[in-house]
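I opened this notebook to record what I looked up in one structure.

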Amino acid sequence: MGNACCPGESEEQKKLIADQVAQAKKHVGAQNKMEYTSSERKSILDEHEEKNEAKSKVIQEQESSLVMQKNQRDARLKKEEQERIQKEKEEQERVRLQKEREEAERIQKEKEEQERVRLQKEREEAERIQKEKDEQERIQKEKEEQERIQREKEEAERIQKEKEEQGRVRLQKE
């Protein structure tokens, strides 16, 4: 409240002193106002106005600086957000391409495995057919060999019979 000078004063005394101090300040302020001439008052007002303008200019500069800082911060944040989004897109693209590569490799391996199995079956089938053919050729050769042996046997028997016949005819002639 006011300026209490003594610690033992009552609240009423403190209030009374504070009122007196306030009245004295008003009186001094009023006297000061009366003491200035109108040109002095104008000069003081001009001085106050200049100070206010200077303060206003400083405030405007500070506001401009704050706006500029905010704009720079907003631009930086926007750029960071765009970079973050770009990195996310690049990561998603990398993951997508990796999955496509893996899928293509999987499909290629499946195709290679199918081709390997197909070729293996073809080889096995060709070997089976070759074995059958070899077996048929072996049987055919055996059959031909048996037929040759049979013909030779029959030929030998025929020759033998002719010799016997000739021998018998000769014996009869003698």
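My entries on this chain follow.

**Entry 1: basis.** I worked from a predicted model, in which local features need pLDDT of at least 70, side-chain atom pairs count only at pLDDT 80 or more, and totals for chains, interfaces and linings use all residues. I numbered residues from 1 along each chain as its sequence is written, and side-chain values use heavy atoms, with hydrogens and water left out.

**Entry 2: fold and surface.** I looked up the secondary structure and found 2 helices and 0 strands in the chain. Helices (H or I, at least four residues) and strands (E, at least two) are DSSP runs, numbered from the N terminus. Of the 174 residues, 2% are buried; buried means under 20% relative accessible area, exposed over 50%, and partly exposed in between (1.4 Å probe, protein chains only). The chain exposes about 16,400 Å², of which carbon and sulfur atoms supply 52%. Those areas come from the Shrake-Rupley method with a 1.4 Å probe.

**Entry 3: salt bridges.** I searched the whole structure and noted 25 salt bridges, each a side-chain nitrogen of Lys or Arg within 4 Å of a carboxyl oxygen of Asp or Glu. Side chains of opposite charge can pair when their charged atoms come close.

**Entry 4: lysine 42.** Which residue meets lysine 42 in a salt bridge? I found aspartate 46, at 3.4 Å from N to O. Both lie in helix H2 (residues 38–173), 4 residues apart, about one turn of the helix. Aspartate 46 counts as partly exposed because its relative accessibility is 31%.

**Entry 5: arginine 138.** I recorded a salt bridge between arginine 138 and glutamate 135, with the closest N and O atoms 2.4 Å apart. Because they are 3 residues apart in helix H2, about one helical turn separates them. Arginine 138 also meets glutamate 142 in a salt bridge of 2.3 Å, N to O; this pair is 4 residues apart in helix H2, again about one helical turn. I noted relative accessible areas of 37% for arginine 138, 34% for glutamate 135 and 39% for glutamate 142. Elsewhere, salt bridges that share partners join Lys70, Arg73 and Asp74 into one network.

**Entry 6: confidence.** I checked pLDDT, the predictor's confidence in each residue, from 0 to 100. The chain averages 86, and 87% of the residues score at least 70. Over residues 1–5 pLDDT stays under 50, and the model has 5 contacts (heavy atoms within 4.5 Å) for them beyond four places in sequence. Where pLDDT is low, the predicted coordinates should not be read in detail.
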